[in-house]
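Colleague: I would like to go through the labels attached to this model and hear what each one rests on.

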Amino acid sequence: MAGESLSSLELAEAVSLAVRPVVAHDALRLMGNNPDGAGHTLFSFWHNFEDEFGREFMRSYLAGNDPCLPADLMRQSMPAGLVGTGHGRRDRLTRQLFDAHGVGGELRVLLRDAHGVWGSLALLRSAGGRGFDRTDATRVLALAPVLISALRQYVRSGPVRPVAPDMAPGVFVVDADGNVTGATPMAAWWAERLREQHPASWVDALVAGMAAQTRRLLRHPAAPAPVMHGPAARFGRWISTEGQLLDPGGAVAVLVRAVPPRQLLGSLGVWYGITARERQVIEHLLDGAAAKQIARHLEVSLHTVHDHLKSVYRKLGVTGRAELLAALNA
């Protein structure tokens, strides 16, 4: 399922074909998260989604209007939910969205193991058919280890050293109604790269949804800006989108750029299994420290530092310090 030669749409179809004998469905969406608790959506695969429905879903999900967000499912004994079947505001909004696009129901499960939540799988059925039930949820949850493995294989199939151009950041300006009112030339360039892997409406929804998420999360001055990362397997280099409020009226700047080194280290760490100690060594490398200096900082032997570095090189498939720093865009 995670072959390097398959496009995003082909991968989505492959996952759907693998899941269909277990639980029948008409459409499928597989989403990946950083399992370290940050919850940034890294990538997603969509199969048989109507374009307009996918766009509206993304806007609603990122704006926090979805009734089965990861935090909701984490509170349940079984991390699965039948989307839109409750009686709250978010359920009503979702039911309206489903009714407008002929969706009968959605089953969503978290892909979770001892390391955290790696993503979610959503199965949809058209209106008029049989709804999903708890038995379906149990069957899909049994597939979680295989799907987590597929997500990890996909991320790790990408180039560690960037193969896409190192371009300047781009900025979109989004008004309070979710309309893009301005974009720098580099923002247009980034949008074209995104559209090479997603429908045009998905990219529009990503920008509008990130703006809505920014307004929701930054109501409190101490709240961190929302950030999402996209892997090199998708874009040729790791990229990030980040929202920042421009004014109290709701205008938001959405920044798209290559992931900064220390943020990238966090994402690579969880997907490639880099330990906390190994990460400390890399952070000192990013500061320009030599191996002897790192040993003094961490109060360990020089031999131990070299062992950590060898482990990191092996995990990331790089040949040495220079290639490691190049992989981190440093």
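Modeller: A pocket is an open set of points on a 1 Å grid over the protein atoms alone, where a 1.4 Å probe fits, with protein on both sides within 12 Å along at least five of seven lines; lining residues have an atom within 4 Å of a point. A volume is the space filled by probe spheres set on the points, which are joined across faces, edges and corners. The second largest pocket has a volume of about 210 Å³. This is a predicted model: local features need pLDDT of at least 70 and side-chain atom pairs count only at pLDDT 80 or more, while totals for chains, interfaces and linings use all residues. Residues are numbered from 1 along each chain as its sequence is written, and side-chain values use heavy atoms, with hydrogens and water left out.

Colleague: What makes up the lining of the second largest pocket?

Modeller: Four nonpolar, four polar and six charged residues. Here Ala, Val, Leu, Ile, Met, Phe, Trp, Tyr, Cys and Pro count as nonpolar, Asp, Glu, Lys and Arg as charged, and the others, Gly among them, as polar. Of the 14 lining residues, Arg59, Ala63, Asn65, Ala212 and Arg215 lie nearest the centre of this pocket. Helix 8 (residues 200–217) gives the largest share of the lining, five residues; helices (H or I, at least four residues) and strands (E, at least two) are DSSP runs, numbered from the N terminus.

Colleague: Why is Ser267 called buried?

Modeller: Buried means under 20% relative accessible area, exposed over 50%, and partly exposed in between (1.4 Å probe, protein chains only). Ser267 has 1%, so Ser267 is buried. Ser267 sits in helix 10 (residues 261–272).

Colleague: Why is the pair of Phe45 and Tyr154 called edge-to-face?

Modeller: Rings of Phe, Tyr and Trp (its six-membered ring) pair if their centres lie within 6.5 Å; planes under 30 degrees apart count as stacked, over 60 as edge-to-face and the rest as tilted. By this rule there are eleven aromatic pairs. The ring centres of Phe45 and Tyr154 are 5.0 Å apart and the planes stand at 85°, so the pair is edge-to-face. Phe45 lies in strand 2 (residues 41–47) and Tyr154 in helix 6 (residues 144–156), so the pair ties together parts 109 residues apart in sequence.

Colleague: Why is the pair of Trp189 and Trp190 edge-to-face?

Modeller: Their centres are 5.1 Å apart and their planes at 85°, so the pair is edge-to-face. Trp189, at 23% relative accessibility, counts as partly exposed, whereas Trp190, at 3%, counts as buried.
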